[in-house]
Amino acid sequence: MRGKDLVTIFFLGLVVLAMLACGGERPVDIENITSQPKQYVGSDTCKMCHLEHYDSWKMTLHSRMLQNAEENQDAIIVPIDEKQIREDLANMGDELKVPPDQIYIPNIDEIKFTIGSQWTQRFLVEKNGDFFIAPLQYNAENHRWVTYHEEDWDQRSWLLKCGGCHATGVDLEKKTFIEPGVGCEACHGQGSWHAALPKTAVFEKRQTIINPAKLTMGVAVQICASCHSKGQPQNEKEASWAVGYKPGRSLETYYRTPYFGDGNIKQVYADHFDKGHHQQYNDWQVSQHYREGVTCTSCHYVHQLGLPATGSQTVGAGSQQCFECHQILNKTTAHAIHSFANCIGCHMPRIVKSTESGKNHSHTMVVLLPKDTIDNAELPNSCMSCHKHKDADLKELQEKAFPGSLDDW
Ligand code: HEC
Ligand code: HEC
Ligand code: HEC
Ligand code: HEC
Ligand code: HEC
Ligand code: HEC
Ligand code: HEC
Ligand code: HEC
């Protein structure tokens, strides 16, 4: 035998050994895994293999919407000081439907979960095996306690009214949920098949989980819409959220999200600008961005390591990100006067009510002009957020920026 043959045999031997070693590994029974019903497994399971996504998600408010206060009392952002709370409530005077000394105030050990932490915080308590929202609310921006459904708080099931948008894997029949907050599976769908498959089964892995980036734009954006919109559930009329909806499906089957102007949506200003919160999708649907395929994830990230922190998880800081796409702008009217530093100030005014004041941004992208307020005093405008000295004259402001625009007025 020649040396070359010896080498060949040696390598063939190695290959055979390698094949034996692989054969020794238990074959993956994919069929068995995918014949089980698909279930929720919770974000901690995803963490095992997707640590970076998990880390980044942990830093977003999605992970913190609902927090277990029994495990972590630090989730409560304000002291539960009954005396202080009753004093604040008493200041509400005639607005109260129950006398201030009779309003139920949970003690700290009764609080199971906190709801929210940015603008307001509310508290979940348990009663007769169901969850209810304690009848008070803390407004972080002005450090003030106010009431929340003090007269009927224990008649309003949190799971029905709020659960599906603030927790993951809500089961209305069993009155349970899998995970507090907006977990991985709220956007990626139930992950039991995907998680059970071994890392090496890459293609099966990909086929058993929803990746929004691989869906068509309309279906992908509805994942966000399932929570960031006002709508009417189709299956469970008593509920206030998209009962039965799963990422990747068509939302409208489960939850009708009305466009402005079709007469179904409450809480809109006279000419169809919203003032209720979590209506970003309803807003966006009437914007030019909707027609151009500029979606929520064009402007917002949901988990991305390495980005500098920005308000509201925007891809770029403030108005800088508008320049990514809008490099050439008409230098007319309002654009001609201003230095362009603040697109958001004019095009996304904070007219959306979240707590006591308008705090959230309109997503229609339409500028509200002084003229709009002159026509309808109920309507705020974009300009007054900066031009707000007490003697600011709306007509003058309008005329200066848009000469002649009030001529026929
Ligand atoms: C045992 C490890 C493991 C676990 C647990 C796991 N994944 Fe994965 N995941 C993978 C692998 C491997 C891939 C394929 C990577 C690739 O495409 O190169 C993947 C891909 C993905 C993708 C992209 C799919 C695509 O089509 O591009 C998403 C989204 C995802 N996982 C989400 C999750 C979520 C959500 C959970 C928890 C429910 C989870 N994963 C749990 C290993 C895991
Ligand atoms: C609020 C919705 C949302 C949540 C919550 C969420 N994701 Fe995602 N995820 C997305 C979207 C949207 C994409 C597509 C990314 C894109 O379009 O840029 C994505 C993409 C991915 C991918 C594919 C690779 C990539 O980065 O594009 C993986 C893996 C993934 N997510 C894992 C996770 C894990 C693990 C969690 C929980 C720790 C999680 N996601 C939570 C919306 C979400
Ligand atoms: C299961 C419901 C749910 C889904 C699905 C969901 N969100 Fe949210 N989102 C929330 C809730 C609730 C909050 C408020 C969290 C808080 O304030 O504690 C929130 C907050 C946000 C914020 C504001 C964060 C901040 O810092 O103020 C952005 C931006 C956002 N979501 C974008 C998205 C995008 C984009 C998608 C789709 C890829 C999405 N969300 C999907 C429920 C959801
Ligand atoms: C259709 C989905 C949906 C329903 C139903 C819903 N919310 Fe929300 N909620 C959101 C989203 C999305 C946000 C964040 C974006 C925003 O405020 O515009 C939010 C924000 C909040 C915040 C502010 C959080 C913070 O960090 O300041 C509180 C508090 C809150 N919701 C309480 C409730 C309560 C209580 C209910 C039930 C009576 C409820 N929500 C019903 C989707 C929903
Ligand atoms: C053209 C870019 C753009 C698009 C598209 C967009 N947003 Fe926003 N969004 C912003 C900006 C800018 C802010 C305010 C950022 C800040 O706090 O300075 C914001 C704020 C938010 C907030 C925080 C609450 C508020 O209103 O201030 C939420 C929640 C949110 N967006 C969700 C969404 C969802 C859901 C979609 C898709 C239906 C969406 N956004 C589409 C740019 C966009
Ligand atoms: C991912 C790209 C992208 C980003 C980011 C983006 N836009 Fe746009 N925007 C577009 C496109 C495309 C159009 C439609 C074509 C056009 O009018 O330029 C549009 C249209 C608009 C319009 C409507 C114009 C009309 O004729 O009605 C306004 C206003 C606008 N954008 C404002 C903004 C603001 C403010 C921001 C930053 C918060 C922003 N855009 C961020 C791509 C983007
Ligand atoms: C002082 C208020 C103001 C500021 C600041 C402002 N805009 Fe505008 N913008 C307007 C008005 C008013 C219009 C006319 C159309 C309307 O009423 O929506 C307009 C029109 C537009 C249009 C459609 C017409 C065009 O020029 O293509 C786009 C796109 C736009 N703005 C983007 C931006 C971007 C991006 C920024 C920041 C770089 C910005 N705007 C800053 C008030 C403003
Ligand atoms: C983000 C803050 C901001 C917003 C929003 C804003 N402005 Fe201004 N405005 C300014 C500043 C600052 C100046 C001074 C010029 C500059 O530095 O751009 C100014 C200047 C002006 C001027 C010329 C100076 C004067 O008073 O004679 C007019 C007119 C004007 N704005 C009208 C408007 C109108 C109309 C709107 C709404 C469509 C508006 N502005 C929205 C900040 C703002």
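Biologist: Which two strands form a hairpin with four residues between them, and which residue in the turn has a positive phi?

Modeller: In this predicted model, the hairpin is made by β5 and β6, with four residues between them, and in its turn His 143 has a positive phi of about 50°. The two strands, β5 (residues 136-139) and β6 (residues 144-147), run antiparallel and are joined by four bridges, one pairing being that of Leu 136 with Thr 147 in β6.

Biologist: How should I read the largest nonpolar core, and which of its residues touch the most other members?

Modeller: The general idea is that in soluble globular proteins nonpolar side chains tend to be buried together. In this model the largest nonpolar core holds 49 residues, of which Leu 124, Ile 133, Trp 158 and Cys 224 touch the most other members. Helix α10 (residues 217-225) gives the most to this core, namely five residues. Because domain 1 (33-213) and domain 2 (280-401) both contribute residues, the core lies between them. As for Ile 133, if residues up to four places away in sequence are not counted, it touches Ile 115, Arg 122, Leu 124, Tyr 148, Trp 153, Arg 156 and Trp 158.

Biologist: Trp 158 also belongs to α6; is that helix mostly covered or mostly open, and what covers its buried residues?

Modeller: For helices in general, an α-helix has 3.6 residues a turn, so residues three or four places apart point the same way. Helix α6 (residues 158-166) is mostly covered, with seven of its nine residues buried, and these are Trp 158, Leu 159, Leu 160, Cys 162, Gly 163, Gly 164 and His 166. What covers them includes the strands β1 (66-68), β2 (113-115), β3 (120-127), β4 (130-133) and β7 (167-168). Over the whole protein, 29% of the 409 residues count as buried.

Biologist: What is the make-up of the shell around ligand 1?

Modeller: The shell around ligand 1 divides into eight nonpolar, six polar and five charged residues. Altogether 19 residues surround ligand 1, with Cys 46, Cys 49, Cys 184, Gly 191 and Arg 206 the closest, and α3, α7, α8 (192-196) and α9 (202-207) each supply at least two residues.

Biologist: Why does His 188 count as partly exposed?

Modeller: His 188, found in helix α7, counts as partly exposed because it has 19 C-beta neighbours inside 10 Å, whereas a buried residue needs 20 or more. Leaving aside neighbours within four places in sequence, His 188 is in contact with Ile 209, Ile 210 and Pro 247. The C-alpha atoms of His 188 and Pro 247 are separated by 6.2 Å, although these residues are 59 residues apart along the chain.

Note on methods:
Residues are numbered from 1 along each chain as its sequence is written. Chains are lettered from A and ligands numbered from 1 in the order in which they are written. This is a predicted model: local features need pLDDT of at least 70, side-chain atom pairs count only at pLDDT 80 or more; totals for chains, interfaces and linings use all residues. A residue is near a molecule or strand if its C-beta atom, placed from the backbone, lies within 6 Å of it. Ala, Val, Leu, Ile, Met, Phe, Trp, Tyr, Cys and Pro count as nonpolar, Asp, Glu, Lys and Arg as charged, and the others, Gly among them, as polar. A residue is buried if 20 or more other C-beta atoms lie within 10 Å of its own, exposed if 12 or fewer, and partly exposed in between; C-beta atoms are placed from the backbone. Two residues are in contact if their C-beta atoms, placed from the backbone, lie within 7 Å. A nonpolar core is a set of buried Ala, Val, Leu, Ile, Met, Phe, Trp, Tyr and Cys residues joined through C-beta atoms within 7 Å. Domain bounds come from an automatic or database domain assignment. Two strands pair if DSSP finds at least two bridges between them.
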